[in-house]
Amino acid sequence: MLNLITVELSKELIWKAQAAAMLRYYCQILNTPELINYIEIVFCNKKRTTIGTAWTHFGPEITYSSRHTLAEFSGKPKGGLVKFSTKLFERAKEEDRIETIAHEFAHILANLATGKCVGHGKEWKQTMSKLGYPNASRCHEVDVTGLTRRQTRFKLKCPNCPRITKISA
C-alpha cells in the first residue's frame, strides 16, 4: 500500500516539476520572468472530463464574488492558478501532457497581457503560437471512459468580462 502511494505521489511531483520548468521557459520566451512566482500549479483528483483549468488573477485591487476565487487570490499580486486532473494526466500521452501545460499557461499569460479573460480567442491563439503551438486545439483527446462527470453546482463570473465558468465541487 505504501509503495503504491509513493509511486502516485512521485508521478504528481514529476508532473508538477515538469509544469514548473515549462512555466519558467514560457515566461522567459514572453519576457515575463516575474510571473513565475505568482502562478500556482495544483493536481487534483476531482476533475473527470477536463484535463486542465486555468484561473487568472488580475491583482489585489479586484474584488471577486466567488468564495473559491477569494480564498485562492485574496491580496495576491497578478498571477494565476492552474489545476490539472491527476486521473486524466495518468491516461494522457506525454505530448498531450506537454501541450495541456502550454494550453493552460497560455490562458493566464494571454489574460494578463490583455487585462481580460480572452478564452480561446485571437490573443490565446497568438500566445500558443509564441509558445510553439501554432495549430493549438481547445479540446483534449484523452479517453474519459469510466470517469463520471459531476453535476455543475457553481458558476464563476469573470470580473472583467461577461464570461461565466461552471464548476462542480
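The model is predicted, and local features were taken at pLDDT of at least 70, side-chain atom pairs at pLDDT 80 or more, and totals for chains, interfaces and linings from all residues. Residues are numbered from 1 along each chain as its sequence is written, and side-chain values use heavy atoms, with hydrogens and water left out.

The protein chain contains 5 helices and 5 strands. Read from the N terminus, the order is α-β-β-α-β-α-α-α-β-β. The accessible surface of the chain is about 10,100 Å², and carbon and sulfur atoms account for 52% of that surface. Of the 169 residues, 39% are buried. Here buried stands for a relative accessible area under 20%, exposed for over 50%, and partly exposed for values in between (1.4 Å probe, protein chains only). Where contacts link residues at least 6 apart in sequence, 65% of them join residues at least 24 apart. A contact requires heavy atoms within 4.5 Å.

The largest nonpolar core comprises 34 residues, and Tyr26, Ile39, Phe84, Phe89, Ile101 and Phe105 have the most contacts inside it. At least two core residues come from each of helix H1 (2-29), strand E1 (39-44), strand E3 (79-85), helix H3 (86-91), helix H4 (94-114) and helix H5 (122-130). The greatest contribution to this core, 8 residues, is that of H4. A nonpolar core is defined as a set of buried Ala, Val, Leu, Ile, Met, Phe, Trp, Tyr and Cys residues joined through side-chain atoms within 4.5 Å. Apart from neighbours within four places in sequence, Phe89 contacts Trp15, Phe43, Ile51, Phe84, Arg97, Thr100 and Ile101.

Helix H4 also holds Glu104. This residue is buried, because its relative accessible area is 6%. With residues up to four places away in sequence set aside, Glu104 touches Gly52, Thr53, Ala54, Val82 and Phe84.

Strand E2 (residues 52-57) is largely enclosed by the rest of the structure, because 5 of its 6 residues are buried. E2 and E3 run antiparallel and are joined by 6 bridges. Two strands are taken as paired if DSSP finds at least two bridges between them. One of the bridge partners is Gly79 in E3, which pairs with His57. The loop between helix H2 (67-73) and E3 contains Lys78, which is partly exposed because its relative accessibility is 48%. The C-alpha atoms of Lys78 and Phe58 are 4.8 Å apart, although the two residues are separated by 20 residues in sequence.

In H5, the buried residues include Trp124, Thr127 and Met128. These residues lie on the same side of H5, because they cover an arc of only 100 degrees around the axis. The arc is that of the directions from the helix axis to the C-beta atoms. An α-helix has 3.6 residues a turn, so residues three or four places apart point the same way. The exposed residues Lys122, Lys125 and Lys130 are on the face turned away from the buried side of H5. H4 is included in what covers the buried residues of H5. Just after H5, Gly132 has a positive phi of about 100 degrees. Pro134 lies in the loop between H5 and strand E4 (154-157), and counts as exposed because its relative accessible area is 57%.

Asn31 is located in the loop between H1 and E1. Its phi is near 60 degrees, a positive value in a residue other than glycine. Asn31 is exposed, because its relative accessible area is 63%.

The structure holds 0 disulfides, a disulfide being a pair of cysteine sulfur atoms within 2.5 Å. Cys27 counts as buried because its relative accessibility is 0%. Cys117 also counts as buried, because its relative accessibility is 19%.

Methods
Helices (H or I, at least four residues) and strands (E, at least two) are DSSP runs, numbered from the N terminus. Accessible areas come from the Shrake-Rupley method with a 1.4 Å probe; for residues, only the protein chains shown count as cover.
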